[in-house]
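Let's take a friendly walk through a protein model. Have a look at the structure first, and then we will go from its core to a few individual residues.

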Amino acid sequence: PHATSDLSPAGTVTHLHRDGSDNLFIQLWGSKRFILFSPDQRPLLSAWTAGDSGLDVCDVDPEHPDYERFPQFRDARAITCDIAAGEMLFLPEGWFHHVRSL
């Protein structure tokens, strides 16, 4: 896995996507909220592959879903967790995640 951390101010959002490898996220300070979807949820997330990167990104916003535009998202099942300073989160390859800095 690769390890990531960032220094984003409160309110910063990383939109729903999945990484192409396992990811160990380490929270150095502050906190972040992760909204997670397992790989089997992909058909419900309006995911599409971004260019030659092979990464999947999603147009649906899990914090404020537009059910008229993405009706299938009603059936998606999320796991939400907050990560505080000093905590880590392992994201296996294929797991979709939306991240907000708190």
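In this predicted model, the largest nonpolar core is made of 11 residues: L16, I35, F37, L45, A47, C58, V60, F70, F73, A76 and F96. Another core lies apart from it, with 7 residues, including F25, L36, I83 and L89. Back in the largest core, you can pick out A76. Setting aside neighbours within four places in sequence, A76 is in contact with F37, Q41, L44 and L45.

Now turn to strand β3, which covers residues 23-26. Strand β3 runs antiparallel to strand β8 (residues 88-91), and 4 bridges join the two. If you follow I26 across, its bridge partner in β8 is M88.

D19 sits in the loop between β2 (13-18) and β3, whereas D56 belongs to strand β6 (residues 55-58). Are they buried or exposed? D19 has a relative accessible area of 14%, so it counts as buried. D56 is buried as well, because its relative accessible area is 5%.

| Side chain | Partner side chain | Distance |
|---|---|---|
| D19 | H17 | 3.1 Å |
| D19 | N23 | 3.0 Å |
| D56 | T49 | 3.0 Å |

What else do they touch? Not counting residues up to four places away in sequence, D19 touches L55, E93, G94, W95 and H97. The chain also brings D19 and P92 to a C-alpha separation of 8.7 Å, although they are 73 residues apart along the chain. With neighbours within four places left aside, D56 is in contact with H17, R18, R42, A47, W48, T49 and F96. Of these contacts, A47 and F96 are members of the largest nonpolar core.

Take a moment over its backbone: S46 has a positive phi of about 55 degrees although it is not a glycine.

C58 is buried, because its relative accessible area is 9%. C81 has a relative accessible area of 21%, so it is partly exposed. How many disulfides are there? The count comes to 0, using a cut-off of 2.5 Å between cysteine sulfur atoms.

Methods. Residues are numbered from 1 along each chain as its sequence is written. This is a predicted model: local features need pLDDT of at least 70, side-chain atom pairs count only at pLDDT 80 or more; totals for chains, interfaces and linings use all residues. Side-chain values use heavy atoms; hydrogens and water are left out. A nonpolar core is a set of buried Ala, Val, Leu, Ile, Met, Phe, Trp, Tyr and Cys residues joined through side-chain atoms within 4.5 Å. Buried means under 20% relative accessible area, exposed over 50%, partly exposed in between (1.4 Å probe, protein chains only). Contact means heavy atoms within 4.5 Å. A polar contact is a pair of N or O atoms within 3.5 Å; within protein, one must be able to donate a hydrogen and the other to accept it, and residues adjacent in sequence count only if both atoms are side-chain atoms. Two strands pair if DSSP finds at least two bridges between them.
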